[in-house]
Amino acid sequence: MASGNAWNLSAPEPFLPKDGEATLKWEEWREYFVNYISTFEDEEELTPEKKKKILLHCLGAKGLKIYNSINKKIRAPDKGDVFIHALEDLTEYFRPAVCVAVDRFKFYHRKQPLEESVDDYVAALKNLALSCKFGNLHDDLIRDQIIMHTANPHIQEKLWSRGEAPLREVIDMVKSAELTGRCAKAVLRSEEKSFSKLEDNATIAMVKKNHESSIKRVYSSRGEKENSILKDKRICFRCRSKFHLANDRKCPSRNQKCSNCGVLGHLAKVCRRRKFGGGDGEDVLRCSRTVFDITGLEHR
């Protein structure tokens, strides 16, 4: 039997061996068995009759004896799913007496949470339906529950339009939508990472640009400061005073004659002409013209 399922899972332990008590509570063992059956590769080709035979085999010798004792009435093949009927009969026998309305309430209010897969949701509905005595409406009511309470709102409208589609088709549609949603989220996450990298690059470029602008402002400020210092260091070329410039009429050397070159307008200590001793007047005049050509001042 283990080779018949897709994941090579071993069959459940017999529910009631020949000698001994039940290995699990019936509801727990039943859920274990339903999950085991759902792993078969050829589940669509696994007919209700074959499922029933696997169920009776897994019940164990004592479990099979109990089933035969309660199954006095043999159901005809056209009366519904013999596998579901067998599970319902066994559930009614082994479970404590409870109100069917309570079980149906639990079934009708079972919704699919966002984090639950379609396979898990369908398995849970099938397990709840076993104690609800739905009879021939078993598959139709599970189908309706999936349509009404699927966690995927995008597929719901399409499911409503399919109306009378069989349970297997509805399950396939929901699983396909689930897979599509996962792929879309994966693509979106990839695009978000790429966009995040672009944003990081843009941020780096902006920081770099701001840094360069800051450097320019600093150097510009330094240049202005240096120019200001240079301006502050300007002196009068007539007398080397730091408190006025040569064009200031208050300069005391403005009307004084240089003792070095004999030219009016500056002192000997700032005279740029070499010291002369008995040079001719033409030389003095030439020096005077040179000085006043540079300063733009009139010779007096």
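In which helix is Asp 139 found? The legends below, which concern a predicted model, begin with that residue.

**Figure 1. Asp 139 and His 138 in helix 7.** Asp 139 is found in helix 7, an element that spans residues 138–149. Because its relative accessibility is 34%, Asp 139 counts as partly exposed. The C-alpha atom of Asp 139 is separated by 6.0 Å from that of Leu 167, although the two residues are 28 residues apart along the chain. His 138 also lies in helix 7. With a relative accessibility of 4%, His 138 falls under the 20% limit and therefore counts as buried. Once neighbours within four places in sequence are set aside, His 138 is in contact with Ile 84, Lys 126, Ala 129 and Leu 130.

**Figure 2. Packing of helix 7 and helix 8.** Two packed helices are described by the distance between their axes and the angle between them. For helix 7 and helix 8 (residues 153–162), the axes come within 8 Å and cross at roughly 145°. Helix 7 makes the contact through Ile 147, Met 148 and His 149, and helix 8 through Gln 156, Leu 159 and Trp 160. By class, the residues of this contact comprise four nonpolar, two polar and no charged.

**Figure 3. The second largest pocket.** The space in the second largest pocket amounts to about 380 Å³. It is lined by 19 residues, of which Leu 114, Ala 151, Asn 152, Glu 178 and Lys 185 are the closest to its centre. Helix 9 (residues 167–232) supplies the largest share of the lining, eight residues. The lining is divided into seven nonpolar, seven polar and five charged residues.

**Figure 4. Loop residues with positive phi.** Most residues other than glycine have a negative phi. Lys 133, which is not a glycine, has a positive phi of about 55°. This lysine, Lys 133, is found in the loop between helix 6 (118–129) and helix 7. Because its relative accessibility is 43%, Lys 133 counts as partly exposed. Arg 240 likewise has a positive phi, near 65°. Its place is in the loop between helix 9 and helix 10 (281–295).

Figure 5. An unreviewed UniProt entry places the feature "domain: CCHC-type" at residues 257–273. Over residues 257–273, the chain is 0% helix and 0% strand. The C-alpha atoms at the ends of this stretch are 14 Å apart.

Technical notes
Residues are numbered from 1 along each chain as its sequence is written. This is a predicted model: local features need pLDDT of at least 70, side-chain atom pairs count only at pLDDT 80 or more; totals for chains, interfaces and linings use all residues. Side-chain values use heavy atoms; hydrogens and water are left out. Helices (H or I, at least four residues) and strands (E, at least two) are DSSP runs, numbered from the N terminus. Buried means under 20% relative accessible area, exposed over 50%, partly exposed in between (1.4 Å probe, protein chains only). Contact means heavy atoms within 4.5 Å. On a 1 Å grid over the protein atoms alone, a cavity is a set of points where a 1.4 Å probe fits but cannot get out, and a pocket is an open set with protein on both sides within 12 Å along at least five of seven lines; lining residues have an atom within 4 Å of a point. Grid points are joined across faces, edges and corners, and a volume is the space filled by probe spheres set on the points. Ala, Val, Leu, Ile, Met, Phe, Trp, Tyr, Cys and Pro count as nonpolar, Asp, Glu, Lys and Arg as charged, and the others, Gly among them, as polar. UniProt positions are given in the numbering used here, feature names are shortened, and annotations may be inferred rather than shown by experiment. Axes are lines fitted to C-alpha atoms, for helices over the stretch in contact, and angles run from 0 to 180 degrees between N-to-C directions.
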